[in-house]
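The exercises below are meant to be worked with the sequence and the coordinates side by side. Try each task before reading the solution that follows it.

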Amino acid sequence: MHIVVCMKQVPRDNSVKINPDLSINADGIEKIINLFDEYAIEEGIIWNEKHGGKLTVLSMGADEWVEQMRRALAMGATDSLLLKDPAFATLDTIAAAKVVAAAIRKLGDVDLILTGRNSTDDESGAFAPALARILGWPQLTYVGKVIDVNPGSKTITAERHLETVVETVTAPLPAVVSVIKDINNPRYPSLLKIKKVAKVEPPVWTAADLGVSGLVPTVTVTQRVPPPPRPSGETIDGPDAATKVKKLVDKLLENQII
Amino acid sequence: MPGVLVYVEQVDGEIAAVTRELLGKGKELAAALGGSLSAVVVGSGVGAVAQKAAAYGADTVYSVDDPRLSPYTTDGHVAAVKAAVAAAQPSLILAGASFQMRDFGAALAADLDAGLVVDAIDLKADGGAITAVRPSHGGNVINTYAFAAGRPVVALVRKQSFPEAQPGAAAGSVQALALDGAEIRTTVTSVAPKTGAVNLTDAAIIVTGGRGLGDKDNYYKLIPPLAEAFGGAYGASRAIVDAGWVPYEHQVGQTGKTVSPKLYVACGVSGAIQHLAGMRTSRNIVAINKDPEAPIFRVATFGLVGDVNEVLPLLTQELKSRLGR
């Protein structure tokens, strides 16, 4: 079977700045695979090892993203694909999903798409559902356990881990699945494998290759500001711990916080 | 009609608090847009909930009542709401921002080719144009969105963003809609409550422990009893979740839960930027740490420098005697 993992590169932390043109400036912050996507890659490897076939890591972005795609290849992905075009740079999530959907259609033989529940920078979690709907495939989001992927019956059964309940759901393949953090333990690629893929250049598909044009964002950012600073706090002092604790509880009661 | 449609979430046959907020804000936005407020109730045996929604200010409540709509499926609920969208032609569709609503809302927006905002904390309608405010990047960036004209907007709203609507006389009408031609492709075979579920995002008080607790035994000795004395839930930093002390369920931060309780008590938590991302919007923050330079103190409402091993048992005791718990 052919499994595709959609992955995104993100800054390791969100101490980003805002450029005058309102774009996000993450210069100087280490770039990593979006953590939730790393779990998706591991889940893809697990099922690829079981059923064989191809495991493609797909990313939409700039050349600098290739480094993280190589990491996914070193972990165990068999193929890679980069979607790159100046027209893709400013797309909102739904428009990005349209581009990825075009690539999935062009690949033609995809049985399962895995991705993280959200990126840790944008944090919307909209990509997987949007991609599923645009492809016309069923979706299983917030999956904490894949119980079975059955190429024979062409089904996937998985647990969706929501805030207070766990749903067990079966969907026909092809399907789109988004995964949460505790689904597995992503492996560390060996040095040997890292060396082996160090020079791999993923195939690149552009907007023209995909036949997508006239993508209009439905959302535009008109303002971006840092959050208002928190009012400065108060230090609870005292000669010993017992005095400080009493003072703290006094403060909490006085301010009707408890 | 350039109005507003609210997706009604239900909790044990009652209208969820976030929906009451949306009905309140939706009424205001509908007036600003020059349209009416409608609501859609989706499920099986939901007639009573539809009546209640009418009492919270919806001019029209669409009820899509069908056995196939319970439990939730994306296919079922998106099809049901699209029937209501076709009837009401709203310019703005509001729902909460829980995992299930994200599953639903993004799918609906894709189907309608609508604008989408997830985790909205404010919404405005000026001269027919809708704008939304949402945080991203762990709360380090506050974005204002505008939307393309001529398409609806789907806004998934973070709870506790708006005051709740108050019930009045049920003035609105309830209109039944059929779930026509919907193909539901997924099969839900069980819906089980999470064992030891902690809905941190709903807790009014959260007590979180970090690496400063030293080890797993000490965490369980000190943190859950303190949380209980506060009448709250207990959370954990990523470091100690990854170390296997505490299940992921309890993790607060960039790759865990984003919480905004009335009181957040961080014990032995240094306050890495990834942790702050998940709790910086808490209304009050207490930090207890022996390192006075720990970044957590920079966001603290009340900072107490001290050894958690000494402070926490005293605090638990003090709360028990003062609060009578």
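**Exercise 1: a helix pair across two chains**

The crossing of α4(A) and α4(B) is right-handed. The model is a predicted one, and the task is to describe how these two helices pack and which residues make the contact between α4(A) and α4(B).

Solution. Begin with the residues: on the side of α4(A) the contact is made by A:P129, A:A130, A:A132, A:R133 and A:I134, and on the side of α4(B) by B:D103, B:A106, B:A107, B:A110 and B:D111. Next take the geometry, in which α4(A), residues 127-135, and α4(B), residues 99-112, pack at an angle of about 40° with their axes 8 Å apart. Because angles under 35 degrees count as roughly parallel and those of 65 to 115 as roughly perpendicular, this angle makes α4(A) oblique to α4(B).

**Exercise 2: the wider interface**

**Exercise 3: a strand and its partners**

Work out which strands pair with β6(A), and whether the residues of β6(A) are mostly buried or exposed.

Solution. Strand β6(A) covers residues 54-60, and six of its seven residues are buried. One partner is β1(A), residues 2-6, which pairs with β6(A) in the parallel sense over five bridges. The other to be noted is β7(A), residues 79-83, which runs parallel to β6(A) and is joined to it by five bridges. Finally, follow the chain through helix α2(A), residues 66-75: β6(A), α2(A) and β7(A) make a right-handed β-α-β unit.

**Exercise 4: chain A as a whole**

State what secondary structure chain A contains and what percentage of its residues count as buried.

Solution. The secondary structure of chain A comes to seven helices and 15 strands. Of its 258 residues, 50% count as buried, and its C-alpha atoms fill a box of roughly 70 × 45 × 40 Å along the principal axes. Among contacts in chain A with a separation of 6 or more, 68% join residues 24 or more positions apart.

Notes:
Residues numbered from 1 in each chain as written. Chains lettered and ligands numbered in written order. Predicted model: local features only at pLDDT ≥ 70, side-chain atom pairs only at ≥ 80, totals over all residues. Buried ≥ 20, exposed ≤ 12 C-beta atoms within 10 Å, placed from the backbone. Helix = DSSP H or I, 4+ residues; strand = E, 2+ residues; numbered from the N terminus. Pairing = 2+ DSSP bridges. Right-handed = clockwise from strand over helix to strand, strands pointing away. Axes fitted to C-alpha atoms, helices over the stretch in contact; angles between N-to-C directions. Parallel < 35°, antiparallel > 145°, perpendicular 65-115°, else oblique. Left-handed = near helix turned anticlockwise from the far one by under 90°. Contact = placed C-beta atoms within 7 Å.
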